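Hello,

Here is the model we talked about handing over. My notes follow below it.

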Amino acid sequence: MNCRGVIREISNYLDGELDSSARADLERHLEHCEDCRLVVDTTKKTIQIFCNSEPVALPSDVRARLHEALEKRLRRRAP
Ligand SMILES: [Zn+2]
C-alpha cells in the first residue's frame, strides 16, 4: 500500500472496517512511513477528542473535509 492508499482507507482503518489483509498492509506501510504514521495518529487523537474516547464512525462531512485536507497535503508533497 502507498501513501494514497493509506489516506483513502484511513477512516475505514480507524473504524475497524478493513479486512485483516488490508489492515496488515496498511500497518506495514505505517512502519516505514513517518508521514502516514503522523496522519493516522493525529486523526485517531482527533476522533478520540470528538467522541470522548468512544470508537465511533466519523460524520461524513468531517470525513470529507479530512480527506480533502489530506489530499491537498499529498499533492503539495508530490512533484
Ligand atoms: Zn505513507
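The zinc ion is coordinated by four side-chain atoms: C3 (SG), H29 (NE2), C33 (SG) and C36 (SG), at 2.0 to 2.3 Å. Donors here are N, O and S atoms within 2.8 Å of the metal (3.2 Å for Na, K and Ca); water is not among the atoms, so sites may look incomplete. The donor angles run from 104 to 112°, so the arrangement is tetrahedral (four donors, all angles between 85 and 135 degrees). For reference, the ideal tetrahedral angle is 109.5 degrees.

The donor spacing in sequence is C-x25-H-x3-C-x2-C. Within this set, C3 in α1 (residues 3–15) and C33 in the loop between α2 (20–32) and α3 (34–51) link distant parts of the chain, 30 residues apart. Helices are DSSP runs of H or I, at least four residues, numbered from the N terminus.

C33 is buried at 12% relative accessible area. C3 is partly exposed at 26%. The cut-offs: buried is under 20%, exposed over 50%, partly exposed in between (1.4 Å probe, protein chains only).

Now α1. A kink of about 55° is centred on E9; the bend is the angle between axes fitted to the seven residues ending there and the seven starting there. Its buried residues are G5, V6, I7, I10, S11 and Y13. G16 follows the helix, with a positive phi near 75°.

On conventions: this is a predicted model, where local features need pLDDT of at least 70, side-chain atom pairs count only at pLDDT 80 or more, and totals for chains, interfaces and linings use all residues. Residues are numbered from 1 along each chain as its sequence is written, and side-chain values use heavy atoms, with hydrogens and water left out.

Best wishes

Notes
Four donors count as tetrahedral if all angles lie between 85 and 135 degrees; four count as square planar and six as octahedral if opposite donors are over 155 degrees apart and all others between 65 and 115; anything else is irregular. Helices (H or I, at least four residues) and strands (E, at least two) are DSSP runs, numbered from the N terminus.
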